[in-house]
Amino acid sequence: MITAIADAIVTALNADESWTPEFTAVRVLAPEIAMKDAATLTVLVAPQRRTIVPAHRTMDQYDVDIDVAVIQRLSAIDNATVDPLIAFIEAIETFLRRKDMSTGKWISAEHRVIYDPARLRQDSLFISVLTETYRVFE
Amino acid sequence: MNRTVTYRRGAESLSVNATVGRFLFKSTDSAGVTVYEETRDYLIRAVELTTLGEPARGDEIVETVGGIEQLFRVHAPDGEPVFRYSDTERLVMRIHTQHMGVET
């Protein structure tokens, strides 16, 4: 279930050709990157968490959290460089909002980390993580 | 393998002997994203840097590689120290750097 939802997010993101800048989202087991690869805009989709509670006697409710991480190493650290990336992940959030994925019904989105200021300052590395939550009944 | 490199800070520069190595940093930030970074390390006897003191972030090392001068900046990711002593007697320093490109 959780991987099918993550795959559906990847497929939906990659199917839209209107993104600026262009990217290819990839589903990963965990969001990780080598610094040498971070010069290219990277979008990683990773299952994060699943919460299960009884819905009624014969059915359970699954809330599935999927992380969407946007990563890029920047040549400069200023508003002119960072703002487009913030706008980019905001566009991803807007794109995914209220869209059901596989068997999951979209519930909410949380921009968990807009960016890590320390990482940005020390390593010129922009990392932003969006958590999308989907609900499944089984 | 030992080689001679130029270590510099601002207008000051020193010609020093160094052994080149590498180090793999791994850190997970507040977003839960794990970042790997390999640094090029220079092992330099502390006595050779006496006039400059301990290495500092932003210092530069110029090394000739394949006949071309390459610039490396003293750096360590995620706020890690940019150098550490590689022996208990604190005679040799392992200095982390990142490649900045061809020296101009």
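## Surface and fold of chain B

Chain B exposes about 5,600 Å², of which carbon and sulfur atoms supply 49%; accessible areas come from the Shrake-Rupley method with a 1.4 Å probe, and for residues only the protein chains shown count as cover. This is a predicted model, in which local features need pLDDT of at least 70 and side-chain atom pairs count only at pLDDT 80 or more, while totals for chains, interfaces and linings use all residues. Residues are numbered from 1 along each chain as its sequence is written, chains are lettered from A and ligands numbered from 1 in the order in which they are written, and side-chain values use heavy atoms, with hydrogens and water left out.

The secondary structure of chain B comprises 0 helices and 7 strands, where helices (H or I, at least four residues) and strands (E, at least two) are DSSP runs numbered from the N terminus. The radius of gyration of chain B is 14 Å, which agrees with the value near 13 Å that a compact globule of 104 residues would have; this radius is taken over C-alpha atoms, and the globule rule is 2.2 Å times the number of residues to the power 0.38. Along the principal axes, the C-alpha atoms of chain B fill a box of roughly 40 × 35 × 25 Å.

Of the 104 residues of chain B, 39% count as buried, the classes being buried under 20% relative accessible area, exposed over 50% and partly exposed in between (1.4 Å probe, protein chains only). In the segment after β7 (92-102) of chain B lies B:T104, which counts as exposed because its relative accessibility is 93%. B:T104 and B:Q70 are 34 residues apart in sequence, and their C-alpha atoms are 8.7 Å apart in space.

## Aromatic side chains

A search of the whole structure finds 8 aromatic pairs over all chains. One of them is formed by A:Y115 and A:F126, whose rings are tilted, at 6.4 Å centre to centre and 35° between the planes. Rings of Phe, Tyr and Trp (its six-membered ring) pair if their centres lie within 6.5 Å, and planes under 30 degrees apart count as stacked, over 60 as edge-to-face and the rest as tilted. The relative accessible areas of the two partners are listed below.

| Residue | Relative accessible area | Class |
|---|---|---|
| A:Y115 | 32% | partly exposed |
| A:F126 | 0% | buried |

Elsewhere among the aromatic residues, A:W19, A:F23, A:F88 and A:F95 form one aromatic cluster.
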